[in-house]
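Here is a short tour of a protein model, written to be read with the structure open beside you. Take it one section at a time and follow along on screen.

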Amino acid sequence: MEGIGGDSAAVASPLPQWGNDAWRIYQYYLDKTTPHTAYRWIGTLVVAAIYCLRVYYVQGFYIVSYGLGIYLLNLLIGFLSPLVDPELEVTDGPLLPTKGSDEFKPFIRRLPEFKFWYSMTKAFCIAFVMTFFSVFDVPVFWPILLCYWIVLFVLTMRRQIAHMIKYKYIPFSFGKQKYTGKKASPSSNGSRVD
């Protein structure tokens, strides 16, 4: 009987193989974009602008936009939050330095920048595709959704900023800090007093 036994198991179906090859190529190019942060974000802004133009052009899909906004707010909170929240974790000592004499501990995000970018770009692409299906165009009064989203954003950011102030962390780094040497004191200006 053909199809039963070890002979047919060795021959792989071409469709899963093509899917695997396509996924590898996709992952290869995705990995190549990792060091190009500015270009990745410019591309995401272009995708977001295309989505906004599409929603403006069709004058609809406000529920999709609202869901996208809530999802992006969730991503932003993950991006701004530390990996280990000092409020939730009970440890022997503080995890984030609270004084200048404490040991420096770098800020580690709960959602890394690359995953934040990738999820945001993917969300805009999915929302863009959803605008081509009328089932997602639910008639709503969009100013109410916009006001509700703004209130959610303000309350969430206020809570997040209060958390940052309370635990004294800044979720942004502006490159590696460089040693500039000792600063000269005003009394020692280099001249000798005899």
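## Helix 6 and what follows

Helices here are DSSP runs (H or I, at least four residues), as are strands (E, at least two), and both are numbered from the N terminus. Helix 6 covers residues 142-167, 26 residues in total, and reaches 37 Å from its first C-alpha to its last, close to the 38 Å expected at 1.5 Å a residue. That expected span is 1.5 Å times one less than the number of residues.

Seven names to look for are Leu145, Thr156, Met157, Gln160, His163, Met164 and Tyr167, the buried residues of helix 6. Buried means under 20% relative accessible area, exposed over 50%, and partly exposed in between (1.4 Å probe, protein chains only). Helix 4 (62-80) is among the elements that cover these buried residues.

## How to read the model

This is a predicted model: local features need pLDDT of at least 70 and side-chain atom pairs count only at pLDDT 80 or more, while totals for chains, interfaces and linings use all residues. Residues are numbered from 1 along each chain as its sequence is written, and side-chain values use heavy atoms, with hydrogens and water left out.

## The overall fold

The protein has 6 helices and 0 strands, giving the pattern α-α-α-α-α-α along the sequence. Of its 194 residues, 23% count as buried. Among contacts (heavy atoms within 4.5 Å) between residues at least 6 apart in sequence, 86% join residues at least 24 apart.

Setting aside neighbours within four places in sequence, Phe124 touches Val47, Ala48, Tyr51, Leu68 and Leu72.

## A salt bridge and its surroundings

Which side chains meet in a salt bridge? They are those of Arg40 and Glu113, at 3.0 Å, N to O. The pair links distant parts of the chain, with Arg40 in helix 3 and Glu113 in helix 5, 73 residues apart. A salt bridge here is a side-chain nitrogen of Lys or Arg within 4 Å of a carboxyl oxygen of Asp or Glu, and the structure holds 1. Arg40 is buried at 4% relative accessibility, whereas Glu113 is partly exposed at 22%.

The charged end of Arg40 also sits over the ring of Trp117, 5.0 Å from its centre. A charge sits over a ring if NZ of Lys or CZ of Arg is within 6 Å of the ring centre and within 35 degrees of the ring normal. Trp117 is itself buried, with a relative accessible area of 9%. In a second case, Arg109 lies over the face of Phe79, at 3.9 Å from the ring centre.
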